[in-house]
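Me: I am new to this structure and would like to go through it by question and answer. Please show it first.

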Amino acid sequence: MRNEIHILKYAVWRAKKFVLIGDEVDPEALVSEAIARAYGVGTGGTCRNWNKNKCPKLENFLIGIIKSTTSHKAEHVTGFPKESLCNKDGSTKDDKLLKSGDETKGFLKPKNPEKELIESENLQPLMDELNKLSDEDEDMGMIILCIEDGISKTRHIAEATGYDRKKVNNLLRKLRRRLENYNPKLKNNLPKKGRKNEHR
Amino acid sequence: MSIDKEKYMKTMDALTDALGRSDGQTVEDIKNELRDDGIDVGSALERLKKAQLSISMAAKRSALDAARDKRVELVQKGREFIGKFSDWSKDQIMARIKELSGPKVGLAYRNLDAMGTEEIISILEDMEMAHYRRNLEEGSDGE
């Protein structure tokens with residue numbers, strides 16, 4: 001597997017989504033699950049067929065699997081393991097691989113109202129933070145506007161804003177830094193790192 | 001609290017998708033970013049490589065197990081066909097052979113007529129087996 005670091009980084013950010021709403025997901029578990037699905041031995045016997053013509057890079061295919069398994073539409077339906085399929089030494093936990101379809105029913109349980117409320121409460125400050133960043137920086141505001149519209153790929157953001165890709169990447173880097181230490185459990189959510197980086 | 005949770009979750013999806021991608025970043029940038037997140041990059045990548053190997057082996061074992069199960073099933077099914085047609089008349093056997101071969105195959109029926117009952121039973125057993133295997137494979141493809 002090449003470019004593992006890109007896949008790991010993507011998983012780290014997707015896992016942060018759950019951290020931001022007050023949940024916990026191991027990024028390595030997301031990568032392991034994506035690999036397992038690509039090999040046809042994912043949780044609940046799930047598999048994803050790799051169409052090399054459509055998606056020539058395995059890296060992008062695995063990122064696509066991570067994206068879909070952690071999408072807000074999929075998370076309550078398909079389920080994925082929150083802990084790794086593998087032990088620390090990389091060997092597989094055989095009881096986790098090749099689970100029967102019946103066992104995955106546990107993942108289908110809806111969230112309880114309390115959890116829904118906690119998630120909602122954790123989302124609001126982040127949205128406020130994004131609004132604040134938009135107000136402070138017009139260019140950043142354009143990027144956030146795209147994200148709010150569901151546009152997330154550099155190429156598509158560049159098309160939507162008219163910025164060149166380099167500028168979009170720089171703005172995304174800046175946004176990444178500002179949100180790096182965001183923690184929904186803290187009262188004052190302006191990231192320490194973001195503050196420091198403002199003077200970079 | 002009344003918030004549009006669906007809209008916010010959609011934003012979260014796009015936000016983590018955009019920030020998770022590495023466009024324009026060098027490997028060193030990514031490593032630094034992951035280290036800032038408290039991740040031991042070397043160890044994590046090493047674990048993932050080992051995990052990939054283990055998963056690949058598990059997948060191969062699974063494929064081998066499935067192939068073995070299929071072989072066992074075929075052998076058992078093959079045994080079911082042996083002797084099944086011994087009390088059939090020659091006309092019944094010929095009709096079944098025609099049914100299995102279909103209109104496109106065009107078997108030389110005159111040659112079959114010249115054969116003894118045991119020989120055409122043997123042909124029918126082979127054809128039943130091939131028919132069963134084809135159905136099995138089509139069923140697997142359709143899954």
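This is a predicted model: local features need pLDDT of at least 70, side-chain atom pairs count only at pLDDT 80 or more; totals for chains, interfaces and linings use all residues.

Me: Which element gives the most to the side of chain A that touches chain B?

Reply: The contact takes 49 residues from chain A and 43 residues from chain B. On the chain A side, the elements that give two or more residues include H2(A), H4(A), H5(A) and H7(A). The element that gives the most, with 12 residues, is H1(A).

Me: How many charged residues does the side of chain A that touches chain B have?

Reply: Sorted by class, this side of chain A has 21 nonpolar and 14 polar residues. The number of charged residues is 14.

Me: Are H4(A) and H5(A) parallel or oblique to each other?

Reply: The axes of H4(A) and H5(A) lie 6 Å apart, at an angle of about 140 degrees. Angles over 145 degrees count as roughly antiparallel and 65 to 115 as roughly perpendicular, with the rest, beyond those under 35, taken as oblique. H4(A) and H5(A) are therefore oblique.

Me: Which residues of H5(A) make the contact with H4(A)?

Reply: By class, this contact has four nonpolar, two polar and no charged residues. H4(A) brings Leu130(A), Leu133(A) and Ser134(A). From H5(A) come Met140(A), Gly141(A) and Ile144(A).

Me: Which residues does Leu62(A) touch, not counting those up to four places away in sequence?

Reply: Leu62(A) is one of the residues with the most contacts inside the largest nonpolar core, which has 50 residues. With sequence neighbours up to four places away left out, Leu62(A) touches Ile7(A), Ala34(A), Ile35(A) and Ala38(A).

Terms used: Residues are numbered from 1 along each chain as its sequence is written. Chains are lettered from A and ligands numbered from 1 in the order in which they are written. Two residues are in contact if their C-beta atoms, placed from the backbone, lie within 7 Å. Helices (H or I, at least four residues) and strands (E, at least two) are DSSP runs, numbered from the N terminus. Ala, Val, Leu, Ile, Met, Phe, Trp, Tyr, Cys and Pro count as nonpolar, Asp, Glu, Lys and Arg as charged, and the others, Gly among them, as polar. Axes are lines fitted to C-alpha atoms, for helices over the stretch in contact, and angles run from 0 to 180 degrees between N-to-C directions. A nonpolar core is a set of buried Ala, Val, Leu, Ile, Met, Phe, Trp, Tyr and Cys residues joined through C-beta atoms within 7 Å. A residue is buried if 20 or more other C-beta atoms lie within 10 Å of its own, exposed if 12 or fewer, and partly exposed in between; C-beta atoms are placed from the backbone.
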